[in-house]
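Please read it alongside the sequence and the model.

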Amino acid sequence: MKKPLLFLTVSTIISLCSACDFGGTTIVDQELPEDDPQSQVTIEFWHCLGHNKTQNLEKIVKNFNDQYAGKYYVHLTHLAGDYDTLHDALKTKLSSGEIPALTMGYPDSFSEYITSNIKHSSILRLDNFINDPKFGYSQAELDDFVPGFYAEGTGYQFEGTWSMPMYKSTEALYYNKQYFAGANVLNVAKFTGNSEFTALYNKVNGKTNANVEEEDLVALKDWVKAHDGYTYDVPTKWDEMFTLADQMQKDRATMNNKEEFYPVGYDSDANMMISQMKQRGIPYTVNDEESQIDHRKHYVFNNDEAKALLTEIIGYINDKLLITKNSLGGSTYTNEYFNENKAAMVVGSTGGSSYNVSENFAVGLAAVPYSNDNPQYIQQGPSICFFDNENPYIHKGAWLFYKSLAEPNNNVRVALENSYDPVRISSYESVDYATWTSMAGQGLKYDIPTLTQTLKLYYMTSPTFVGSGTARTQIGKLITYVLKNKYSIDKAFTTAINQCNQIR
């Protein structure tokens, strides 16, 4: 068993920030009772999952409730439709005195619940639960968590473990297999009336992953290349991707094709900037002793290298090589252009793969192109935090439920159901995982684990502190400031930094 961490327990006011008061008290380091409640307690779990993403979660809840009937009862509450609105709705609920036992979400949100003053934290530090001799985890069990997924829970502004991983994801490059193989409008125009091309084209045109044959795609690509047509290879590097994008637009100009088209789409402006900054060694945010004293020192992204990166990206957008969510106005995702054949490839979350499934063509999957021979991929996916309910039995029930959710066989089922990665190493050795991955090639949801299992060593996270969520929002708004507000590059960064500096 891990040696327990010793923390001073204090009575504090529940709040989300030093200026907010929700009228309760909490002790951040609590113990789990050895006994069970005399009457059933309800464990409120607030989430943002759609009904089609909760089937296995609901089974886990039912089994848990049956196992602990009369003691603990988990109640699932769908509070919002996505993580941002879940965070906003939760803050509203807390301000009115409503408190869940646990919720899913992202570390940037959880850091706000902790606040910049530990005396005002509204969530519990979990080390006493983790190290409980009866209800915690043994060292062998802790070692069974994917290290990077577990470590995320210790990366907050104060020492200790403040969240536990639920399941995880990253980003992937989705591309139009037929377009890359030569079944595109350029070759249709170039080879009009050619019976050989028509026969090969008809074998793949309009077919999805479920019914397209890879050998037919290869045959088409080989034929088109041999006849000086237009085919493309999937890029692995950032520079390669935009050299290819430029070539795609030049090819369309050669064929006088003026249809709306953007070679590359990137759904998350923030992820794009943060990933490229990490890969290029550009400072973004820090969380050290100096920044704990002066919060303005958290934000180090106002530098020449970051400005050069933004200038480069704005150039790609202006040249119609790239679209992002914010370059499209902020309400349209690039997958919509992809599915309408207006983009050849897009970068999006593996957890959102269902949005990149097209009825018109087969979708390929690849790692996101990276810079500087330095593959670094955003680690995404929700974690779980635990709120003070002033009832140790609710805390115990919530903790026991998390352990059930994170049980290797349960976790692999609830994760794969949503195209996410399980958080336990032994989950990857399970029969369910092997069965799932054996179906690779039969749909994106089966292909994703095959890709992500090669990327885990390269997952990256950013420092988490009060204001880290604002930094992420502002780094994602830089494109908006330049394109919509017509700010200069310098003014865009100054505006972003000023917005961050308002967070305390």
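The side chain of Arg125 reaches the backbone oxygen of Glu159 at 2.7 Å. This is a predicted model, in which local features need pLDDT of at least 70 and side-chain atom pairs count only at pLDDT 80 or more, while totals for chains, interfaces and linings use all residues. Residues are numbered from 1 along each chain as its sequence is written, and side-chain values use heavy atoms, with hydrogens and water left out.

**Arg125**

- Arg125 sits in the loop between helix 3 (107-114) and helix 4 (127-130); helices (H or I, at least four residues) and strands (E, at least two) are DSSP runs, numbered from the N terminus.
- Arg125 counts as buried, because its relative accessibility is 5% (buried means under 20% relative accessible area, exposed over 50%, partly exposed in between, with a 1.4 Å probe and protein chains only).
- Besides the backbone oxygen of Glu159, the side chain of Arg125 has the side chain of Asp29 as a polar contact, at 2.8 Å.
- A polar contact is a pair of N or O atoms within 3.5 Å; within protein, one must be able to donate a hydrogen and the other to accept it, and residues adjacent in sequence count only if both atoms are side-chain atoms.

**Ser163**

- Ser163 belongs to the loop between helix 6 (147-151) and strand 6 (164-165).
- With a relative accessibility of 1%, Ser163 is buried.
- The side chains of Ser163 and Tyr156 form a polar contact of 2.8 Å.
- Leaving out residues up to four places away in sequence, Ser163 touches Phe110, Leu126, Gly153, Tyr156, Ser383 and Ile384 (contact means heavy atoms within 4.5 Å).

**Helix 9 and helix 10**

- Helix 9 (residues 195-204) packs with helix 10 (residues 214-226) at an angle of about 150°, and their axes are 9 Å apart.
- That angle makes helix 9 roughly antiparallel to helix 10, and their crossing is left-handed.
- Axes are lines fitted to C-alpha atoms, for helices over the stretch in contact, and angles run from 0 to 180 degrees between N-to-C directions.
- Angles under 35 degrees count as roughly parallel, over 145 as roughly antiparallel, 65 to 115 as roughly perpendicular and the rest as oblique.
- A crossing is left-handed if the near helix is turned anticlockwise from the far one by less than a right angle, and right-handed if clockwise.
- From helix 9, Glu196, Phe197, Leu200, Tyr201, Lys203 and Val204 meet Asp216, Leu217, Ala219, Leu220, Trp223 and Val224 of helix 10.
- The contact of helix 9 with helix 10 has 9 nonpolar, no polar and 3 charged residues (Ala, Val, Leu, Ile, Met, Phe, Trp, Tyr, Cys and Pro count as nonpolar, Asp, Glu, Lys and Arg as charged, and the others, Gly among them, as polar).

**Helix 12 and its partners**

- The axes of helix 12 (residues 269-280) and helix 20 come within 7 Å and cross at roughly 100°, so the two helices are roughly perpendicular to each other.
- In this contact, Asp269, Ala270, Asn271, Met272, Met273, Ile274 and Met277 of helix 12 meet Arg472, Ile475, Gly476, Leu478 and Ile479 of helix 20.
- By class, the contact of helix 12 with helix 20 comprises 8 nonpolar, 2 polar and 2 charged residues.
- Helix 12 also packs with helix 14 (residues 304-318), at an angle of about 130° and with the axes 11 Å apart.
- Helix 12 and helix 14 are therefore oblique to each other, and their crossing is right-handed.
- Met272, Met273, Gln276, Met277 and Arg280 in helix 12 face Ala306, Leu309, Leu310, Glu312 and Ile313 in helix 14 as contacts.
- The contact of helix 12 with helix 14 has 7 nonpolar, 1 polar and 2 charged residues.

**Ile282**

- Ile282 is in the loop between helix 12 and helix 13 (289-293), and it is buried at a relative accessible area of 9%.
- Beyond its neighbours within four places in sequence, Ile282 is in contact with Met277, Asn303, Glu305, Ala306 and Leu309.
- Ile282 and Leu309 are 27 residues apart in sequence, with a C-alpha to C-alpha distance of 9.3 Å.

- Asn341, in the loop between helix 15 (334-339) and strand 10 (343-349), has a positive phi near 65°.
- Asn341 is partly exposed, at 40% relative accessible area.
- Lys486 has a positive phi near 65° and lies in the loop between helix 20 (468-483) and helix 21 (489-501).
- Lys486 counts as exposed, with 66% relative accessibility.
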